[in-house]
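Please keep the sequence and the coordinates at hand while reading the points below.

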Amino acid sequence: MLVALEGIDGSGKTTVARKLAAELRRRGHRVRLTREPTPTWLGRAVRRGIRSGVDPLALACLFLADRATHVGTWSRAPRGEVVITDRYRDSTSAYQAVALRGRVEDPLRFFSTLQDRWFPAPDLAFLLDVPVRVGLARIRGRTVREPFEKIRFLAGVRRNYLRLAREGRLIVLDADRPPEQVAKDAAERIQKRLGPRPRSK
Ligand code: TYD
């Protein structure tokens, strides 16, 4: 089973992913935790692209290239294993749709349709939803001194995520709460989907 965690910067995905993995293991499930950008040369190329402010279309291609190799690492995961990925397809749909506004027609639709063809759909995808200022305050500490551009960018990303949620692609979890609670909510949903665990003989 593939579970994706999505959200804007500072939504707490990474902390929740760790707690969620621990909770599921406690319940007896086999869990593999993974993330994008990946810790491979393609993931490093992505990070370098971000740092150097490479052309947004080139950056979109790097994210997709990184994902293409990432999918190969878990697509043959044993049955019953829960693969949790910190970011997946909807990150590209939500972020690159803002970055490429005006260069691609209806970019959100473009990236979600493209990826429906290329990459397997997650069994469950969660949006850890927080207001932009809450997310930024978590990253930067109490005072948010981000440039207006960055705030506007992330507000666009959040709007895109919420649109994807309205289309039924993401389950919204209120992430303006302690990460333990968010992880517990996600664990409940996953447990429900997995059904009762067969007793080991
Ligand atoms: P992030 O998961 O926030 O990594 P870290 O917190 O370790 O730096 O990802 C880095 C940035 O890349 C983040 O701002 C989201 C962005 N991103 C995209 O724009 N598109 C994508 O497809 C992915 C996976 C990430």
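The structure is a predicted model. The ligand sits in the largest pocket, and 14 residues surround the ligand, the closest of them being D9, R67, R87, T92 and Q96.

**Shell around the ligand**

- Three helices, α2 (41-52), α3 (56-74) and α4 (89-99), each contribute at least two residues to the shell around the ligand, and the largest share, four residues, is that of α4.
- Sorted by class, the shell around the ligand consists of seven charged, four nonpolar and three polar residues.

**Polar contacts and cover**

- The side chain of R87 places an N or O atom 2.8 Å from an oxygen atom of the ligand, while for R67 the distance between a polar side-chain atom and an oxygen atom of the ligand is 3.0 Å.
- R47 also takes part, with an N or O atom of its side chain 3.2 Å from an oxygen atom of the ligand.
- On its own the ligand has 540 Å² of accessible area, of which the protein covers 76%.

**The largest pocket**

- The space in the largest pocket amounts to about 790 Å³, and among the 31 residues that line this pocket, D9, I50, F63, R87 and Y95 are the closest to its centre.
- The lining of the largest pocket draws at least two residues from each of α1 (13-26), α2, α3, α4 and α7 (148-166).
- In terms of residue class, the lining of the largest pocket is made up of 11 charged, 11 nonpolar and nine polar residues.

**Backbone features**

- R87, whose side chain has an N or O atom 2.8 Å from an oxygen atom of the ligand, lies in the loop between β3 (81-86) and α4, and this residue has a positive phi of about 80° although it is not a glycine.
- A cis peptide bond, with omega of about -5°, joins E36 and P37, and P37 is found in the loop between β2 (30-35) and α2.

Definitions and conventions
Residues numbered from 1 in each chain as written. Predicted model: local features only at pLDDT ≥ 70, side-chain atom pairs only at ≥ 80, totals over all residues. Heavy atoms only, no water. Near = heavy atom within 4 Å. Polar contact = N/O pair within 3.5 Å; in protein donor to acceptor, adjacent residues only side chain to side chain. Areas by Shrake-Rupley, 256 points an atom, 1.4 Å probe, with all protein chains shown as cover. 1 Å grid on protein atoms, 1.4 Å probe; cavity = no way out; pocket = protein on both sides within 12 Å on 5 of 7 lines; lining within 4 Å. Sits in = over half its atoms within 2 Å of the grid points. Nonpolar A, V, L, I, M, F, W, Y, C, P; charged D, E, K, R; others polar. Points joined across faces, edges and corners; volume = space filled by probe spheres on them.
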